[in-house]
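Hi there,

Here is the structure I promised to pass on. Please have a look at it first, and then read on for what turned up.

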Amino acid sequence: MLSVNELEDALIDLAFAEDIGDGDHTTLCCIPEDAMGKSHLLIKEDGILAGVDVAREVFHRFDPTMLMEVFMEDGAQVKKGDIAFVVSGKVRSLLQTERLMLNIMQRMSGIATMTNKYVKLIEGTGAHVLDTRKTTPGMRMLEKQAVKIGGGVNHRIGLFDMILLKDNHVDFAGGIENAIDRCHHYLNEKGLDLKIEIEVRNFDELQQVLDKGGVNRIMLDNFTVADTKKAVDIINHRFEVESSGGITFDTIRSYAEQGVDFISVGALTHSVKGLDMSFKAC
């Protein structure tokens with residue numbers, strides 16, 4: 001399995017390959033090889049900055065001679081007109097790294113900004129905002145990093161670091177009891193120590209899980225706010241509780257106030273708008 005750093009390196013390599021190909025002919029034809037210059041990252045929209053560390057790696061990987069002077073680090077609250085950093089070096093290098101750096105930072109900053117808005121909405125309730133696996137293929141590590149920068153919590157990175165028995169797993173396994181039994185048999189056989197979460201769709205399934213036990217967290221899938229309160233009371237702190245499914249910016253506070261521990265929000269990564277910024281000569 002690749003490490004986080006190896007996955008990020010692979011993403012950067014692929015991004016340069018698809019963007020530059022056999023050469024940035026626009027830059028190569030009009031910019032002398034020895035031309036030197038500076039560009040700054042101009043913030044054009046209020047939000048939470050994310051991706052500065054990745055930008056450092058983008059610049060360094062492409063041209064180690066580029067110098068980056070950083071004024072605002074990941075997690076900073078930025079306003080329109082702020083200058084986050086200045087990069088100096090070969091003009092050709094500035095131009096060829098511009099788009100990749102912006103694509104990453106706009107996406108990550110958009111996610112961090114959106115996450116922070118959700119986190120602030122449920123302040124004081126004790127609930128935590130979770131991300132999901134609804135991420136851009138190849139960019140998951142960066143997008144989940146952005147969620148943490150924005151104050152959220154990573155649910156799981158992938159299919160390898162937690163057991164999540166969802167509706168299809170339960171149905172294909174022949175029911176909740178079979179799914180949980182097979183899960184424990186597998187973990188024992190493989191010598192794995194992973195947390196187990198199970199999704200329930202109604203109160204009948206919830207009661208089956210409570211009778212069976214053997215899990216760490218129960219996910220209430222598409223429960224109403226009123227049913228969420230009822231379920232939380234029934235569970236009575238015996239298991240962690242997560243709300244999931246169709247929860248929006250307008251409804252998340254209501255769910256958090258029912259006493260759940262976690263609320264997963266796919267919108268943090270699957271439909272977020274990038275934060276507006278540009279990389280301009282200075």
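Which exposed residues does the face of α7 turned away from its buried side carry? They are Arg 182, His 185, Asn 188 and Glu 189. Before you go further, please keep in mind that this is a predicted model.

**Helix α7**

Let me stay with this helix for a moment. α7 covers residues 176-190, 15 residues in total, and spans 21 Å from its first C-alpha to its last, close to the 21 Å expected at 1.5 Å a residue. Its buried residues are Ile 176, Ala 179, Ile 180, Cys 183 and Leu 187. Looking down the axis of α7, you will find these buried residues within an arc of 95 degrees, so they line one face of the helix. The general rule behind such a pattern is that an α-helix has 3.6 residues a turn, so residues three or four places apart point the same way.

What do the buried residues of α7 pack against? Their partners are β7 (163-165), α6 (167-173), β8 (196-200) and α8 (203-212).

**The chain as a whole**

Stepping back, the protein chain holds eleven helices and twelve strands. Its C-alpha atoms fill a box of roughly 75 × 40 × 25 Å along the principal axes. Of the 282 residues, 47% are buried. Among contacts between residues at least 6 apart in sequence, 69% join residues at least 24 apart.

**The parallel sheet**

Six strands make up an open sheet with parallel pairing, in the order β6-β11-β10-β9-β8-β7. β6 and β7 are its edge strands, each pairing on one side only. From one strand to the next, the twist averages 25 degrees.

Within this sheet, β8 pairs with β9 (residues 217-221) in the parallel sense, over four bridges. Val 200 stands opposite Leu 220 in β9. α8, one of the elements that α7 packs against, lies across β8 and β9 and runs at about 150 degrees to β8.

**The antiparallel sheet**

The other sheet I want to point out is an open one of four strands, ordered β3-β5-β1-β12 and paired antiparallel. Here the edge strands are β3 (67-70) and β12 (277-281), each pairing on one side only. The twist averages 20 degrees from one strand to the next. Helix α3 (residues 52-62) packs on this sheet and touches β3, β5 and β12, with its direction at about 165 degrees to that of β3.

Strand β1 (residues 36-43) and strand β5 (residues 83-90) run antiparallel and are joined by six bridges. Gly 37 stands opposite Gly 89 in β5.

**The nonpolar cores**

Which residues touch the most other members of the largest nonpolar core? In this core of 56 residues, they are Val 129, Leu 165, Ile 198, Val 215, Ile 218, Ile 252 and Ile 263. Helix α4 (residues 91-121) gives the most to the core, with seven residues. Another core lies apart from it and has 19 residues, including Ile 43, Val 52, Met 66 and Leu 94.

Ile 198 deserves a click in your viewer. Leaving out residues up to four places away in sequence, Ile 198 touches Leu 165, Val 170, Ile 176, Ile 180, Val 209, Val 215, Arg 217, Ile 218 and Met 219. Two of these, Ile 176 and Ile 180, are among the buried residues of α7.

**Some loop residues**

Most residues other than glycine have a negative phi. Against that background, Asn 222 has a positive phi, near 60 degrees. Asn 222 sits in the loop between β9 and α9 (225-235) and is exposed, with a relative accessible area of 53%.

His 237 also has a positive phi, near 70 degrees. The loop that holds His 237 runs between α9 and β10 (240-244). Is His 237 buried or exposed? With a relative accessible area of 75%, His 237 is exposed.

Lastly, Pro 137 is found in the loop between β6 (128-130) and α5 (140-149). Its relative accessibility is 77%, so Pro 137 counts as exposed. Pro 137 and Leu 11 are 126 residues apart in sequence, and their C-alpha atoms are 10.0 Å apart in space.

Definitions and conventions
Residues numbered from 1 in each chain as written. Predicted model: local features only at pLDDT ≥ 70, side-chain atom pairs only at ≥ 80, totals over all residues. Heavy atoms only, no water. Helix = DSSP H or I, 4+ residues; strand = E, 2+ residues; numbered from the N terminus. Expected span 1.5 Å × (residues − 1). Buried < 20%, exposed > 50% of the residue type's maximum accessible area, 1.4 Å probe, protein only. Arc of directions from axis to C-beta. Contact = heavy atoms within 4.5 Å. Pairing = 2+ DSSP bridges. Axes fitted to C-alpha atoms, helices over the stretch in contact; angles between N-to-C directions. Core = buried A, V, L, I, M, F, W, Y, C linked by side-chain atoms within 4.5 Å.
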